[in-house]
Amino acid sequence: MNIANKLTMLRIFMVPIFVLFMYLNIENSRIIAAIIFAVASFTDFLDGYIARKSNLVTNFGKFADPLADKILVSAALICLTELGDIPAWGVIIIIAREFAVTGFRIIAASENITIAASPLGKVKTVSQLLSLIILLTNITMIYKIGIVLFYIAILFTIISGIDYFIKNKKVLDLKNI
């Protein structure tokens, strides 16, 4: 297993540790959870960078990397919803978009079509991660910034999802769907 794939696996293994700290009732456990989440999020950038730069792109990485991202982000969204920090409807929009795009990518891949990430999708990801990191800390002074970023993330989730399907509608035009 190459270094990029090891970073992806590390991100997956960090999720239960992150969740544990979200529920520990000790001083600064939410800040520790936010740090774990931030480090795990950074491994997403790092593994992709290493894989592309070192020509280490693998089929495993193409599958596991987006899966690891969705597991990490979903865990944070679900924990914050359960704790009453964010509304469930926003989480449903974010997770539903991820399922729809993943399904769409599976259809495209079955037809040997590769769909690259769009700039809007990258803005969506950055706004989601920043909002989640801020909200995870549970620091009162910056909480409102986190909420505003969360609503911005929802907006970019919707816009990037619509853009994604419009720009790749040829995938749906395939005769064997």
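# Salt bridges, burial and cores

Mentor: The count comes to 9 salt bridges, where a salt bridge is a side-chain nitrogen of Lys or Arg within 4 Å of a carboxyl oxygen of Asp or Glu. This is a predicted model, in which local features need pLDDT of at least 70, side-chain atom pairs count only at pLDDT 80 or more, and totals for chains, interfaces and linings use all residues. Residues are numbered from 1 along each chain as its sequence is written, and side-chain values use heavy atoms, with hydrogens and water left out.

Trainee: What makes the pair arginine 11 and aspartate 44 a salt bridge?

Mentor: Their closest N and O atoms are 3.8 Å apart, and the rule asks for a distance within 4 Å, so the pair counts. Arginine 11 belongs to helix H1 and aspartate 44 to helix H2, so the pair ties together parts that are 33 residues apart in sequence. Helices here are DSSP runs of H or I with at least four residues, strands are runs of E with at least two, and both are numbered from the N terminus.

Trainee: Which salt bridge do the side chains of aspartate 65 and arginine 11 make, and at what N to O distance?

Mentor: The two side chains meet at 2.5 Å, N to O. Aspartate 65 is in helix H3 and arginine 11 in helix H1, 54 residues apart. The 2.5 Å approach is also listed as a polar contact between the side chains. A polar contact is a pair of N or O atoms within 3.5 Å; within protein, one must be able to donate a hydrogen and the other to accept it, and residues adjacent in sequence count only if both atoms are side-chain atoms.

Trainee: What joins arginine 11 to aspartate 69?

Mentor: Another salt bridge does, with the closest N and O atoms 3.0 Å apart. Aspartate 69 lies in helix H3 and arginine 11 in helix H1, so this pair connects parts that are 58 residues apart in sequence. Through shared partners, salt bridges join Arg11, Asp44, Asp47, Asp65 and Asp69 into one network.

Trainee: Why is arginine 11 called buried?

Mentor: Buried means under 20% relative accessible area, exposed means over 50%, and partly exposed lies in between (1.4 Å probe, protein chains only). Arginine 11 has 0%, so the residue counts as buried. Aspartate 65, at 19%, is buried too. Aspartate 44 is likewise buried.

Trainee: Which residues is arginine 11 in contact with, leaving aside its neighbours within four places in sequence?

Mentor: Contact means heavy atoms within 4.5 Å. On that basis the list for arginine 11 is Ala40, Thr43, Asp44, Asp47, Asp65, Ala68, Asp69 and Leu72.

Trainee: Where does H1 bend, and by how much?

Mentor: The bend is about 30 degrees, at methionine 14, and proline 16 follows within four residues. The angle is taken between axes fitted to the seven residues ending there and the seven starting there. The buried residues of H1, among them Met14 and Phe18, pack against helix H2 (29–53), helix H3 (59–82) and helix H5 (119–137).

Trainee: What makes a set of residues a nonpolar core?

Mentor: The members are buried Ala, Val, Leu, Ile, Met, Phe, Trp, Tyr and Cys residues joined through side-chain atoms within 4.5 Å. The largest such core has 27 residues, and Phe18, Phe37, Leu77, Ile86, Leu136 and Phe150 have the most contacts inside it. H3 gives the largest share of this core, 7 residues. Apart from it lies another core of 6 residues, including Val101 and Tyr164.

Trainee: Is phenylalanine 63 buried or exposed, and why?

Mentor: Its relative accessibility is 57%, and the limit for exposed is over 50%, so phenylalanine 63 counts as exposed. Phenylalanine 63 is found in helix H3.
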